[in-house]
Amino acid sequence: MKEFNAVLAGVGGQGTLLAAEILGSAAVKDGLNVRVSEIHGMAQRGGAVTSNVRIGEKILSATVMEGQADVLLGFEPLETLRNLKYASDKTTVIMSDEQIPPTELAAKGTAYPNMKEITAKIRRFAKKVVVIETEQLASEAGSRLTSNIVLVGALAATESMPVKTESLMKSVRELVPAKHVDANVKAFKLGYDYMKKHA
Amino acid sequence: MRSLLPDPHVLLEDNPSKRVLLLGNEAIARGILEAGISVVTTYPGTPASEIGDSIAAIANEAGLYMEYSTNEMVAMEVAGGAANCGVRALTAMKHVGLNVAADMLMTLAYTGVRGGCIIVTADDPECHSSQNEQDNRFYALLSNLPCLEPSDPQEAKEMTISAVEISEKLEVPVLLRTTTRVSHTRGPVTYGKLAKPNLKGKFVRDVKRLVMVPANSRPKHTVFLKTMEKAKEISESSPYNRVVREGKSKEYGIISSSSAYNYAVEAADLLGLDASILKLGMTHPMPEKAIAEFLKKCKKAIVVEELEPYVEMQVKAIAKDYACETEVFGKTGKPYFSREGELSTRAVAEGLARITVRKLPIDFADIDKRFTEVVKELPRRPPILCAGCPHRASFYVMRRIGGENAIYPTDIGCYALGIAPPLNIGDIMICMGASLGTAQGISKATNAPTIAVIGDSTFFHAALPGLVNAVYNNSRVTLAVLDNATTAMTGHQPHPGTGLTGMGSPSEKVSIEKVAEGCGVKYVKVVDPFQTKEAEKVLKEALEQPGPSVVVFRAPCVLMSVREMRRKGMKIMPFKITEKCTNCMACIKLLGCPALTVESGKVHISEELCTACGLCIQVCPYKAIEGGNTRR
């Protein structure tokens, strides 16, 4: 089996931890060896956060090396940029267009960087970039809080991950809050279909 | 309280051989259940928190006792007391927590224990969520207690069980040392059998063993040293200290432990390096003979470890004692690995490449160069106080009254984020409780108005002796207790002021203001930080007192109040900027709230982020913010 490395990058509160846990638990369902790295505590308070997911027989460490990500899952454009060092010409970048302006920008009165420039920069680093309107798809799914699952669905559609789509779906059902299972399942499907159409 | 698993009851399943994805800390919690540990104590601290939190969620059903103690010292005392009655106990804390408990640790080593007693220390290389990155393996050397170091979640569980066996065999406490990358890595964990907890202990009076007056301590020290000779034998034959790979040539040998071991193996594979690998899981006492034997089989030994050269120093001593001619590489002498921060497969591969004169198969320098160009002007995104955080209101009030003249010693908690502009509150921060102590030194030395900032949980943890000191020595300081009714930073654990125990039963609420009055503080007031005018008046008065004063800024953590509102089905109506806005930017310049942004040159309130705290309407000079349902 080919080794699989993913980097999830976002802002504290966007649900990167949950998304990473879903990927990891699906891998365990399929009997695979997996490591998921998380950072808790202070960093979670609206700061930049990353999670790594690594799947493969021989994998021991939980962190992905520079240039070695198969997938960079960007929950926020600036955070995607911040983690580009993990990407290379073998990397697929799946990025949400949901902008969360860092407070530094407001304090300086500067506008959020231009999206076209951001994607152009990413293109220089990666094999492929797919930008997803997660907010819109999440709202369509019934809750704006399901953006993270839209991205998980999109990742499933790339088929780069050595995990069955139904295992991922099962993990979504198990791990999201019980009240919001339906919306999250729908979000997963919408993300999946979007990626199939646009990849 | 946060539960990390979908349902922490997964940990209770009596289903041996079931394979589950667990966080390292959850794996330790499962180990607690499989080892029959019956008393678990902790003070929350990243990266150790989820051990206590997982147990808290299931303690009643599992039939064991769990408590959030007021601090790590008390936590270890409770665990040590229980273990001396033959009950198996575990206490968990972050690395700096062990500094607080060190007094107990050093002499608990002498008295020893009857039931297994495990002390978990979770170190934080890279300071992901800490004020320093001390290497607590030196506490094993200092106290002379056995130390186990897991490298992944499965091993974290196994070692919790083994630690109990070792502890009971030797009748001394055992240290279980993790790092952030062990505690906060998820990996597959295979369950073993659950053990039945046993909370029924018996205290056997034995003054010579348990009362450490000098006449008893001296002979106990002798006994302890003998015990540790036995520990050495355990280490020599421990399955955790093993050669995991025999190299074909006898050129290189790698010795590694903990998270560093994972990087070492991957780095050797990345370089295609033919090397034998010795994995150390029991790192105190060191398996001297096993290490000497390993050294004799290789010409060059490379020690790969995070932070201090703890293993390396001992390996070098062993090499000398056993007359091994092996050359030892690591951090001392010519440094090949950093003593700072975390290692990574890359960092280890780079070190190994330099030692073995090999070329890296990945051009990291090129990646770095291209990446630096891309991120040149990327705005930073440090952690910040949440939108609606009551600390922001408290800090705004402090700035208004204390201004630039006052000095603001601060403490460990979310409120340390007050250092960010525009609030800029936090002039010195060292350790739990130090705001109040350092404030007194600063006040005596400068006579400047001094406002010591501390959280509610930290107040109970470490501020009481400082407060008594301020009264006793008549220090002119104002203690601002930011009481948000929880231990917010580490995941909303209860504390003595919340009226709830770790096991969810109601308890007496310890009142911060009554404690302060009881200590003899003459000026004690409670304010709502969101009522800024009233809070400003009180703080001004407090600063005018001739002696110590205490102002409690009381408002619940916004994450809890928002959750509570959602539970009750109440809707938050965010505030809006009206056409009265002149774009003077006062709100942004004074508060730095993440919900306040600038879009096409105009101030905007983010509907998703605004929690309708109502602070910005109080600072807007043009009354241009309206429409929200202020929560108060």
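In the predicted model, A:Val36 has B:Arg186, a residue of strand 8 of chain B, as its bridge partner. Strand 2 of chain A and strand 8 (residues 185–190) of chain B run antiparallel and are joined over 2 bridges; strands are counted as paired if DSSP finds at least two bridges between them. Helices (H or I, at least four residues) and strands (E, at least two) are DSSP runs, numbered from the N terminus. Residues are numbered from 1 along each chain as its sequence is written, and chains are lettered from A in the order in which they are written. The model being predicted, local features need pLDDT of at least 70 and side-chain atom pairs count only at pLDDT 80 or more, whereas totals for chains, interfaces and linings use all residues.

An open sheet of mixed pairing is formed by 8 strands, in the order 6(A)-5(A)-4(A)-1(A)-3(A)-2(A)-8(B)-1(B). Its edges are strand 6 (128–132) of chain A and strand 1 (19–23) of chain B, each of which pairs on one side only. Within the sheet, strand 1 (residues 4–11) and strand 4 (residues 71–74) of chain A pair in the parallel sense over 4 bridges, and A:Ala9 stands opposite A:Gly74 of strand 4.

Between the chains, 45 residues of chain A are in contact with 48 residues of chain B, contact meaning that C-beta atoms, placed from the backbone, lie within 7 Å. On the side of chain A that touches chain B, helix 3 of chain A gives the most, with 5 residues. This side comprises 21 nonpolar, 14 polar and 10 charged residues, where Ala, Val, Leu, Ile, Met, Phe, Trp, Tyr, Cys and Pro count as nonpolar, Asp, Glu, Lys and Arg as charged, and the others, Gly among them, as polar.

Notes:
Contact = placed C-beta atoms within 7 Å.
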